[in-house]
Amino acid sequence: MPRVDTAPPAGRNRPNIAIVQGFIGSLMMWLGSLGVGWLSQASVELRRNPIIIALRFEPVGAVISVLLLALGGMLLVRAWLRLGQRLNGWSEDARPYVLKAIIAWAVPLAAALPLFSRDVFAYIVQGQVMVAGLNPYVDGYSQISNYQQIGADELWAQSPTPYGPVFLWIEEGIVRLTGGNPDTSIILFRIIALIGVALCVWVVPRLAELHSVNPTRALWLTAANPLLLINFVASVHNDSLMIGLALAGLYLAARRRPVVGILLITLSVGIKPITLIFLPFVGLLWAGRGASWPRRFLYWFVTAAISLGILWIMGLINTFGFGWVGALSTPGSVWIWYAPVGFIGMVVAVLGNALGLPGWDLADVVHTMARVLSLVVIAYEVLRGDHSHMVRRLAIAFAAIVLLAPMIQSWYVVWLIPLFAVTGIRDDWQVKSLYLVVAFFMVYAITDQLDIFPYFGFSLLMARVMAAVVALAFGMYLVFFDRSTRVLFRRRYTPPAPGHLH
């Protein structure tokens with residue numbers, strides 16, 4: 001969306017109202033996290049806190065916590081949508097309001113118990129694996145005697161870590177610094193995640209300006225987005241630092257500082273290797289517009305040599321070499337029903353089994369075909385296309401990896417949003433699709449992972465049903481009944497007059 005510098009002052013539509021509403025929603029999520037967020041068995045002091053006891057170990061408190069989390073999460077979605085409406089026009093004076101919203105909405109989530117994911121507890125025990133002198137690409141954290149007390153998910157206990165050497169060092173450093181204490185470790189991992197968010201806040205407007213896209217709107221679509229806030233701040237995912245470094249490296253490469261850009265992207269790869277996809281596009285940026293094929297191959301080779309050389313040195317230092325390559329399949333060994341490829345595979349498996357065929361073997365064939373298709377899309381975007389659309393080509397290639405996988409997590413979608421936002425998300429079906437995706441994943445997150453105390457009548461199933469009913473009802477209200485937000489989901493959107501904003 002092109003920049004609009006002739007819009008009326010943003011303050012006229014009172015965006016602070018939306019910011020306060022989002023802050024209230026985030027605050028409700030914080031309070032709800034005390035009752036149903038993830039809490040380690042080893043967090044002795046927190047478990048003795050009277051407020052946590054009332055919310056977590058009493059049925060009434062647990063019900064209140066579920067309601068607070070569901071209502072707060074959906075209120076945050078509404079506040080984000082309303083902020084976008086109240087900043088209609090995206091003039092220069094709108095930027096401070098978006099920054100204020102990011103801070104106001106992130107602070108309560110930064111103080112919450114981990115929500116929607118237990119990955120941060122896995123980071124702690126993987127750090128203990130490093131401290132114990134074991135090889136995390138061979139030895140799962142089941143080797144650590146107290147991993148269940150820490151709170152790490154048993155599903156991945158015997159799996160090799162899918163993280164690169166940079167994040168292994170971060171895990172080890174934090175565990176050594178805290179002695180493995182889960183509460184202080186989570187604080188430090190949250191700081192790391194917030195650094196990633198800060199990088200996104202810094203780089204997204206700059207990348208958008210390179211593409212003549214309104215930088216404030218791109219920042220709102222990306223960093224103020226509830227999907228980014230819940231995954232990077234509330235869930236403490238290391239994807240925050242991964243994507244922040246990758247975007248910063250991409251921006252520097254686009255500004256003719258390719259070596260520094262490659263270094264930052266390599267650091268990102270050292271967190272999660274998925275951002276290797278950035279390197280061939282950075283090589284093309286380095287080669288320059290209209291580069292001949294020999295020149296392109298030369299710069300692809302130099303880019304790969306620099307990045308892989310750095311990773312090789314890291315492997316020598318930690319003695320694990322490129323062990324992370326063999327662990328890359330760990331997250332991809334599962335599927336989920338809402339992923340298109342996962343759903344198709346499930347249908348094929350059910351039909352196959354009904355016909356007496358090996359259904360899940362056929363599903364594996366579907367998954368493999370989808371992965372091959374994603375490689376075809378990546379190759380096409382690398383080899384063909386306009387130089388000025390390089391970041392968009394990268395976005396499409398990255399989207400192929402995510403959307404053609406049998407497993408799509410909500411934070412995978414967050415990887416893609418900045419790349420599409422800085423190259424232009426049109427105010428039509430494109431942005432409406434994003435609204436629906438954000439609402440869907442917020443509803444799913446609210447119902448998916450709740451830490452319910454197992455020794456009273458309010459069961460985990462009851463909690464999930466309650467959360468689903470409340471969140472889904474709120475979502476339907478936003479789409480069909482809310483006079484302010486329902487217009488966003490219609491085929492044609494006409495901004496409401498300032499006098500009708502509320």
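Predicted model: local features only at pLDDT ≥ 70, side-chain atom pairs only at ≥ 80, totals over all residues.
Reader: Okay, which domains is the protein divided into?

Author: Domain bounds come from an automatic or database domain assignment. Here you get domain 1 (13–113 + 426–491), domain 2 (118–213 + 225–322) and domain 3 (335–406). Taken over C-alpha atoms, the centres of domain 2 and domain 3 are 24 Å apart. Their contact (heavy atoms within 4.5 Å) takes 15 residues from domain 2 and 14 residues from domain 3.

Reader: How do I read the area that domain 2 and domain 3 bury between them?

Author: The general idea: an interface's size is often given as the accessible area lost when the parts come together. Buried area here is the accessible area (1.4 Å probe) that two parts lose on being put together, summed over both. For domain 2 and domain 3 that comes to about 1400 Å², with 84% of it on carbon and sulfur atoms. On the domain 2 side, Ile277, Phe281 and Arg289 lose the most area to domain 3, together 41% of what that side buries.

Reader: And how many salt bridges cross the interface of domain 2 and domain 3?

Author: In general, side chains of opposite charge can pair when their charged atoms come close. The rule wants a side-chain nitrogen of Lys or Arg within 4 Å of a carboxyl oxygen of Asp or Glu. Across this interface it finds 1 salt bridge. Aspartate 386 and arginine 289 form a salt bridge, with 3.9 Å between the closest N and O atoms.

Reader: Which helices supply the side of domain 2 that touches domain 3?

Author: Helices (H or I, at least four residues) and strands (E, at least two) are DSSP runs, numbered from the N terminus. Helix H12 (239–254), helix H14 (278–287) and helix H15 (293–318) each supply at least two residues of that side of domain 2. H14 gives the largest share, 5 residues. By class, that side has 11 nonpolar, 2 polar and 2 charged residues. The classes go like this: Ala, Val, Leu, Ile, Met, Phe, Trp, Tyr, Cys and Pro are nonpolar, Asp, Glu, Lys and Arg are charged, and the others, Gly among them, are polar.

Reader: How many salt bridges does a search of the whole structure find?

Author: The search finds 8.

Reader: Are arginine 56 and aspartate 451 buried or exposed?

Author: Buried means under 20% relative accessible area, exposed over 50%, partly exposed in between (1.4 Å probe, protein chains only). Arginine 56 has 3% relative accessibility, so it counts as buried. Aspartate 451 counts as buried because its relative accessibility is 16%.

Reader: What about aspartate 482 and arginine 78?

Author: Their side chains meet in a salt bridge at 2.6 Å, N to O. Aspartate 482 lies in the segment after H22 and arginine 78 in helix H4 (residues 59–86), 404 residues apart. Both aspartate 482 and arginine 78 are buried.

Reader: Where does serine 40 lie?

Author: Serine 40 is in the loop between helix H1 (15–36) and helix H2 (44–47). With a relative accessible area of 1%, serine 40 is buried. A polar atom of its side chain lies 2.9 Å from the backbone nitrogen of alanine 42. Leaving out residues up to four places away in sequence, serine 40 touches Arg47, Phe121, Gln149, Ile150, Gly151 and Pro182.

Terms used:
Residues numbered from 1 in each chain as written. Heavy atoms only, no water. Polar contact = N/O pair within 3.5 Å; in protein donor to acceptor, adjacent residues only side chain to side chain.
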